[in-house]
Amino acid sequence: AVTWAQATARATRSSAIAVTPDGSMVWAVNTDSHSVTVLAAATDTVVTEIPVGLSPTTLAISPDGTRVYVANSESHDLSIIDTTLPGEVGRIPIGAEPWGVAVSPDGLRLYVSDSTQGRVTVLDPATLAVIAQVPRAPRPRGLAVTADSSRIVVTHFLTPVPQLNAT
């Protein structure tokens, strides 16, 4: 069944959302208040709001539902949230403008797009160590991982415009 929560105030910006693997909680990014909100899916009620870095853009939930990763574009870092608390347990620096974040379905890789530096950072979620920084076309943003965890798909903020030579 689909339910629609009624807003009492008008949002200033839309945000990314994700649902926990068990379907019990909905997590939403609040870019304008530098936080994430956790809602109970069954009742559409707010459980808590958690402060994160500046201008969070997207989030991803680990396959086991114990961690939420939030890309914070203006503080240039990634917030790590323990869902059992729930609360932020750390932040790690990620380039100049982290934007997209995705966790592989097998839970072995964490991907973060760095829009300004034109790359995707690959991390080990267990240690948060950087495994690789992969150059991508300008302004990578959205990320998705295939079901078998073998590939990531990257979208870009702007499509390059062909340059015309005028004489």
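Author: Buried means under 20% relative accessible area, exposed over 50%, and partly exposed in between. The model discussed here is predicted.

Reader: Is D44 buried, exposed or partly exposed?

Author: D44 lies in the loop between β3 and β4 (45-51). Its relative accessibility is 35%. Buried requires under 20% and exposed over 50%, so D44 counts as partly exposed.

Reader: What is the phi of D44?

Author: Most residues other than glycine have a negative phi. D44 is not a glycine, yet its phi is positive, at about 55°.

Reader: Which loop holds S149, and is S149 buried or exposed?

Author: S149 is another residue that is not a glycine but has a positive phi, of about 65°. Its loop runs between β13 (140-145) and β14 (152-156). The relative accessible area of S149 is 14%. The limit for buried is under 20%, so S149 is buried.

Reader: Which side chain makes a polar contact with the side chain of S35?

Author: S35 is found in strand β3, residues 35-40. S35 counts as buried because its relative accessibility is 2%. Leaving aside neighbours within four places in sequence, its contacts include A28, V29, N30, I50 and P56. The polar contact, at 2.5 Å, is with the side chain of E49.

Reader: How many aromatic pairs does a search of the whole structure find?

Author: A pair requires ring centres within 6.5 Å. The search covers the whole structure, and the number of aromatic pairs found is zero.

Reader: Which residue lies over the face of W99, and at what distance from the ring centre?

Author: For a charge over a ring, the limit is within 6 Å of the ring centre and within 35 degrees of the ring normal. The residue over the face of W99 is R141, and the distance from the ring centre is 3.5 Å.

Reader: In β8, which residue is the bridge partner of S79?

Author: β7 and β8 form a hairpin with four residues between them. The two strands pair in the antiparallel sense over six bridges. The bridge partner of S79 in β8 is R91.

Reader: What is the omega of the peptide bond from L85 to P86?

Author: P86 has its place in the loop between β7 (77-82) and β8 (87-93). Most peptide bonds are trans. The bond from L85 to P86 is cis, with omega near -25°.

Reader: What separates the C-alpha atoms of P63 and P105?

Author: P63 sits in the loop between β5 and β6, and is partly exposed, with a relative accessible area of 36%. Leaving aside neighbours within four places in sequence, P63 is in contact with P21, V103, S104, P105 and G107. P63 and P105 are 42 residues apart along the chain, and their C-alpha atoms are separated by 6.0 Å.

Methods: Residues numbered from 1 in each chain as written. Predicted model: local features only at pLDDT ≥ 70, side-chain atom pairs only at ≥ 80, totals over all residues. Heavy atoms only, no water. Phe/Tyr/Trp six-rings, centres within 6.5 Å; stacked < 30°, edge-to-face > 60°. Buried < 20%, exposed > 50% of the residue type's maximum accessible area, 1.4 Å probe, protein only. Polar contact = N/O pair within 3.5 Å; in protein donor to acceptor, adjacent residues only side chain to side chain. Contact = heavy atoms within 4.5 Å. Pairing = 2+ DSSP bridges.
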